[in-house]
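Subject: Structure handover

Hello,

Here is the structure you will be taking over. Please open it before reading on.

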Amino acid sequence: MKVDADDFFFSGLNKPGNTNNKVGSNVTTVNVNKIGGLNTLGISLVRIDYAPYGQNPPHTHPRATEILTVIEGTLHVGFVTSNTQNRLIFKVLNAGDVFVFPVGLIHFQFNPGHENAVAIAALSSQNPGVITIANAVFGSNPKIDDGILAKAFQVDKKVIDDLQSQFWMDNNN
């Protein structure tokens, strides 16, 4: 008796997000936190705005498959299969094209054009979660030991220290 239409409603997906940031994109999320009526329904939606040369950096959704539709512009999209192949599955998408990112796999989108791009994506969870790979690895708090990361990425510890310092400065200013 306490439920009404507003529990199943969100307004504003028609408004572009602010892409004036380091990655040149903005994700407007419509999940169970925005529409309470999505609870237990297993679906959510996002609008992704991309500035020219903007990207939605490599990330994963631990609880959802994603199906993305390009509304405007062109996007380079891809995902990497799981170990041991680690194969890149890549495609150039134009307005009207659709691409699927399987649950849990690292994926990305990039706008190669001189104009803005827009995509809408549906996810198979009311709360899909997101883990941006670089943020998680280089921006963790506390930091992952630089020796562990240097060995994993086969680079000098100084490279890891520089990356971790940059992520710390970007997220604590």
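My notes on the annotated sites and the cores follow.

First, the ground rules. This is a predicted model, where local features need pLDDT of at least 70, side-chain atom pairs count only at pLDDT 80 or more, and totals for chains, interfaces and linings use all residues. Residues are numbered from 1 along each chain as its sequence is written, and side-chain values use heavy atoms, with hydrogens and water left out.

**Annotations**

UniProt, in an unreviewed entry, gives "domain: Cupin type-1" for residues 11–161. Its positions are in the numbering used here, feature names are shortened, and annotations may be inferred rather than shown by experiment. The span is 13% helix and 38% strand. Helices (H or I, at least four residues) and strands (E, at least two) are DSSP runs, numbered from the N terminus. The end C-alpha atoms of the span lie 43 Å apart.

The unreviewed UniProt entry also marks Asn56, His61 and Glu66 as "binding site". The lining of the largest pocket includes Asn56, His61 and Glu66. A pocket, on a 1 Å grid over the protein atoms alone, is an open set of points where a 1.4 Å probe fits, with protein on both sides within 12 Å along at least five of seven lines; lining residues have an atom within 4 Å of a point.

**Binding-site residues**

Asn56 sits in strand β3 (residues 55–60). Glu66 sits in strand β4 (residues 66–72). Why does Glu66 count as buried? Its relative accessible area is 2%, and buried means under 20% (1.4 Å probe, protein chains only). Asn56 is buried too, at 11%.

**Cores**

A nonpolar core is a set of buried Ala, Val, Leu, Ile, Met, Phe, Trp, Tyr and Cys residues joined through side-chain atoms within 4.5 Å. The largest has 17 residues; Tyr50, Leu68, Leu75, Val77, Leu93, Phe99 and Phe101 touch the most other members. Strand β9 gives the most to this core, with 4 residues. A second, separate core has 6 residues, including Val137 and Phe167.

Beyond four places in sequence, the contacts of Phe99 (heavy atoms within 4.5 Å) include Glu66, Leu68 and Val77.

Best wishes

Terms used
Buried means under 20% relative accessible area, exposed over 50%, partly exposed in between (1.4 Å probe, protein chains only).
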